[in-house]
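I opened this notebook to keep track of what I looked up, chain by chain. My entries follow the order in which I checked things.

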Amino acid sequence: MTTAGTVTGTPPAVWLGRINPVAQIVAILAITVTALATIDLLTPAVLVAAELALLPAAGLFQPRALLAKTWPLLLSAAGVAWVNLLFSASGGWDWTGSAALALRVIAVALPGVLFVASTDPVRVADALTVHWKVSTRFAYGALAAIRLAPLLVLEWQAIRLARRARGVDAGRNPIAAIRLFGGAAFALLVAAIRRGSRLALAMDARGFDATAGSTERTNARGSVLRSRDHLYVAGAVLLCATTTAASVATGLWHPVFSS
Amino acid sequence: MRVGAGPAAVDVVGFGFRYSGRPEWAVRDMDVRIEPGERILLTGASGSGKSTLLTAMAGLLGPDSGDARGAVRVDGRTAVQARDRIGILFQDPESQLVMSQAGDDVAFGLENRGVPAGEIWPRVRAALDAVGFGYPLDRSTHALSGGEKQRLVLAGAMVAEPGLLLLDEPTSQLDPDGAELVRAAVARILADRGTTLVLIDHEASPWLPLIDRVLEVQFGTTQAGVLELAPRWRPTVPVLPPRPSAQSRSNGTQGPLLPIGSTQGVLHSNGEDPLLRAAGAGYSYRADTAARPALALTDVELTAGQVTAITGPNGSGKSTLGLLLAGLKAPTVGRIVASPKLAGRLGDRPPHRWRARDLVHRIGTVFQNPEHQFLTGRVRDELSLGPLRAGAGDRAAHDRAEELLQRLGLHAYADANPFTLSGGQQRRLSVATSLATRPSVLVLDEPTFGQDPVTWAELVGLLAEARDAGTAVCLISHDARLVDGFADQELRLTSGVDHRQTAGFTGPGAAETPRSSDDQLGRNPTK
Amino acid sequence: MSTPSTPHRTEPVDLPGSGHQHQSELPAAQSGWRTVDIVVTAVIGVAFGVVFWAWNLLWSATGPAFVAFPPAQAFMYGIWLLPAVLAPMIVRKPGAGIFAETLAALVSTLFGSPFGPATLLYGLAQGAAAEFGFAIFRYRKFTWSSALLAGLFAGAIAALLDLVLYYPTWAGNWQLTYVSLVAASAMVIAGVGAVLLSRALVATGALSQFASGRAGT
């Protein structure tokens, strides 16, 4: 329920949410490239520190809320560290290398947590179509589908209960559990496609297909790039450049896939 | 960008339509003229093609939908060309809303038509005022009730100032309050006769004061076309099955045949113990314990051969109570107690902890959406699945399926995929799959929702048979005709209550305490 | 009253059988992606996003076991890649795989995916790789061969991304084993799965708006 509610609801008005989505995306790309280019401890450590500093700006104050959003991430980071300890090419127990890889996973993933927590999907679609000329047909078609996500979650719950009502449960048998899951997923897919077809008809009835022809779609909300958006991108790029420079200068920088 | 203004005329000339991949015509030989500003009710049996005709009037049947004959014109242009003059409202508001905020959703149609941003917001506000939508523009569309959502969709259609408004069963997915909201909004926007209206709705009566002409769409082997009905036309009301005397009671099913009290509307009148009861049962979502519970503490008793209706506004927890009684969810407070007769060897264990195969022949459940319940690819398999799961042999399960196929008139569809059946057939099938295991208790969530009068009568017939065979039937329903005419007792839930749903209740386990049932377990006044 | 109010009787009424006459004045929209193509592709992506989320819940107990030994996770990839293969099978438009897979990734990100924007990167790359399976046949064949190839390509790209992102320090033979494992399982699960799933969907009548749903009926 709570998960469903947060998907398409408007996030609270937080500072990071006032940064234009395209500016946020550019910053995320810069950080992702910087983090992925190297395997050292310094680079991801600096990036993660910067990202943590931005948490309050995304409205993520409470440790509990933060943990709820990041526990799968932390788990997978731990898993990455563990696996690289086991399978490392160097043979020995490379603690530093494993820690670096785990931090790298967090550095790449946290910006997404910040983005999702702070930014309304509608503003993202507006920004992408206004500034990057992404097709309005695909952007708003996708938006309409994303709006259905919480409904599909409710349908999923009903479908699962309905299986039991029909006398089918898995007990402790994992194979039966997977089959049951598959059957429920199929029922959900049918429901989703039906709903999608009806939604498409309703959208066309309101002129959505006109935008595929001669009519230029307008945008009632608009999307404006302000100086703070430019500053935000500049800050992110500067952070990436200095971090990489420091890493190179200290001799720690280690490009990925070079042995 | 306002193309024309004022009400539009509709001309249907020799129109026929056949959907792609279908051999048969969905409609043919349709001829009708609708004058500007007229308000038309379109009736017709299921499958008569009235919905197809309405979709064609909306200009939504393009060449890739199928083959067309003749023409449908709106103000002289083809309906497809005249789309910017037409607004349409479909059944399900959730499949029509696009944006997550109310204002954005109304603006959607104007954005698509290239209206300059500066003009959009004043028009959005005007449209929301016109339908009486009382929330700010940034109201989340998920936080609205069904009726409010449909009002919003109506605003989204009206914002483009259509000359022709088409309504395709706009209230069939709504509770009575929601339906009233929508009808009031439609009456409001049509008051100036600035828009022509064509309407389809199973629930025709409440619309009649608004309607100028009633047209019946006919489509059969001998005749097809549009028939003008008399000005004093009234929809036929389906007849409830009579309650049989003890001797004539159907023996077609072999559920636990129990004596039924001759006086209706009296709780377990002949001293019969309830098969299943909720004892101070309530439910709260774990995530928000501080918030209002999904279901306040509730007592209700389901007795063999009796029909219990659970009613109340949206959000009062009707469906939740149904899930608790059905053994599909565990109450977070209180208990669901099965009688020894119902539980049998399962003893004191609460229903939500029964294995599914033990549950299925004790308590049957029919969900709102039949498609959620389908598990197989064939109607026949669907009917034999329950008995098989409950431990019946192949032979017995097969016979039971055959019997139900005959009884439902679904024999021609025995090998069809359940998903391909019509809405009414699906509903009958989902009720039948639950009856297939002869459960002693049957819980149904809105069984008559959105059904046409024919299916309605068939469903009630099926339920009456189950009741007469001794099944305890529990209906969760908004359908006043069903509740008033068919239920023996009614439990009306109230929303937003912090107090218990039953007076005089002192705590779990004390349900035997005699209590006044007048305030909540109000008896059916018509009995 | 409306401006062009006089009914134009000059227009020819279509004769039975001649079908398409009055529809020749349709907007050009119909030639490319129809709205129903876009929305249904997107909804397939969203539905899979929800299924992935549910899957994560189901396996939250056993999930750590997978994390601890990722080669076992190869199996999981097949399921992750289903939308990339299934969507093109249904709507038969170039780009459907990228669109659906990216949205599935996006929705599972919104619900809280472990990998954040990396999931999106995966979605894009896997969708694009799957497209090759269909592009080879110029988007004319939507059968076993194209589906299996699409699954194979998508699996290979996913495994390669894994190596860059998570396991760059692995020994070469481990890396090779991993890529082959993931690609093979993706080919079987996503390729075969998509074909079976699309057939089952056709049988439900839910695809009546698509050419794929009308073939054979």
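Before turning to domains, I note that their bounds come from an automatic or database domain assignment. On that basis chain A is divided into domain 1 (11-119 + 226-249) and domain 2 (134-212), and I found 32 Å between the centres of these two domains of chain A, taken over C-alpha atoms.

I remind myself that this is a predicted model, in which local features need pLDDT of at least 70 and side-chain atom pairs count only at pLDDT 80 or more, while totals for chains, interfaces and linings use all residues. Residues are numbered from 1 along each chain as its sequence is written, and chains are lettered from A and ligands numbered from 1 in the order in which they are written.

Next I looked at where chain C meets chain A, and found 53 residues of chain C in contact (C-beta atoms, placed from the backbone, within 7 Å) with 64 residues of chain A. On the chain C side, H1(C) gives the most, with 16 residues. By class I read 42 nonpolar, eleven polar and no charged residues there, where Ala, Val, Leu, Ile, Met, Phe, Trp, Tyr, Cys and Pro count as nonpolar, Asp, Glu, Lys and Arg as charged, and the others, Gly among them, as polar.

Finally I looked up Thr433(B), which has contacts beyond its neighbours within four places in sequence, among them Arg166(A) and Gly386(B). Thr433(B) and Gly386(B) are 47 residues apart in sequence, yet 6.9 Å apart in space, C-alpha to C-alpha.

Note on methods. Two residues are in contact if their C-beta atoms, placed from the backbone, lie within 7 Å. Helices (H or I, at least four residues) and strands (E, at least two) are DSSP runs, numbered from the N terminus.
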